[in-house]
Amino acid sequence: MGPALPLGDAGPYVAAAYLVFLALVLVYVAIMAAKLSRIQREIGELAELVERRGTERDRGDVDDVTAPAPAGSGAPR
Amino acid sequence: MNRHTFSRGLVPLSIASVVLLVGGFAMVFLYAPSDADQGFVQKIFYLHVPLAIVALVGFVAGGVYGIRFLRSGDRLHDLRSYVAIHISLILAVGALVTGSIWAKASWGQWWVWEEPTLVSFLIVFLLYACYQPLRFSIEDPDRQARYAAVFAVVGGAFVPLNFMAVRAAESLIHPRVLSTTGGTMPGSMRITFVVALAGMAVMFVTLCKYELTSKHASFQLRALKRRLAGEDDGWVPVRRSAAPQL
């Protein structure tokens, strides 16, 4: 092992090491943020789908009630 | 799957991670004295060593969850094993890069192939770098989980054996910081190191929980999609993935 580096020479190495760690954490956080955005988007799509189905089902029920019953079925017309 | 709430305790853990890491790094520069031998560059030690220790412990934890999966068949243990190894790999990259920077500053070279500690850590890293490709290469989720668990157990057993073998080696220019005799660090350095190590360990647990929470949310979404697709007599294809399928 060589003699200790003076502060001016050692500083950039120490800064680089800590910046590498910071960069790793930030990259991880960015990846997690991207995943979270995707999950949020998919939840939105699912919610929209469920809502659309609910609307279609309601409309179907209304159609069933308002549709004229076939003649001779005994159902009120 | 729904009975598990992976996000429980995530907020306090996140806060503890930030407090311990920021506090630890503040102690590194404001409290711990400069090393008499290496000078200011020794400050990398408080980052590099905790990264390496936590990464190695994480690999062992992955093996322990692998054993639990093989014993119980519970897919959650497979998921935990996967996440522990995944986060440990990220920390291992950090340990390798910071170690290389420290080597350049101390020894004048980015890498010393004659040094067993460095090479053995690289071997462990490369071994675990095969973990995800192995998982991805197996399409059947059951086989994927079983083979990955066996890999994790063998790898997890290899880590401490490797560590002991390196300790027994003769050629050592890499400093021995933690020894059975208690090491040679003065009190202020030791306290700073312990805080930095605790911060790294808590950050590891926090990141694992983040990853588990994210994966759990994705699985729940996929399950919901399947249910909705089932109503349409449709089919949602499961994308091939290295990640466990719950």
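Helices (H or I, at least four residues) are DSSP runs, numbered from the N terminus. The expected span of a helix is 1.5 Å times one less than its number of residues. Take helix 1 of chain B, residues 10-30. Its 21 residues should span 30 Å, and its end C-alpha atoms lie 29 Å apart, so the two agree.

This is a predicted model, in which local features need pLDDT of at least 70, side-chain atom pairs count only at pLDDT 80 or more, and totals for chains, interfaces and linings use all residues. Residues are numbered from 1 along each chain as its sequence is written, while chains are lettered from A and ligands numbered from 1 in the order in which they are written.

Stay with helix 1 of chain B. A residue is buried if 20 or more other C-beta atoms, placed from the backbone, lie within 10 Å of its own, exposed if 12 or fewer, and partly exposed in between. S17(B), L21(B), G24(B), F25(B) and V28(B) are buried.

Now look at where the chains meet. Residues are in contact if their C-beta atoms, placed from the backbone, lie within 7 Å. Chain B gives 31 residues to the contact and chain A gives 23. Helix 3 of chain B gives the most to the side of chain B that touches chain A, with 11 residues.

Finally, confidence. The predictor's confidence in each residue is pLDDT, from 0 to 100. Chain A averages 78. Over residues 71-77 of chain A, pLDDT stays under 50. Where pLDDT is low, the predicted coordinates should not be read in detail.

Terms used. Helix = DSSP H or I, 4+ residues; strand = E, 2+ residues; numbered from the N terminus. Contact = placed C-beta atoms within 7 Å.
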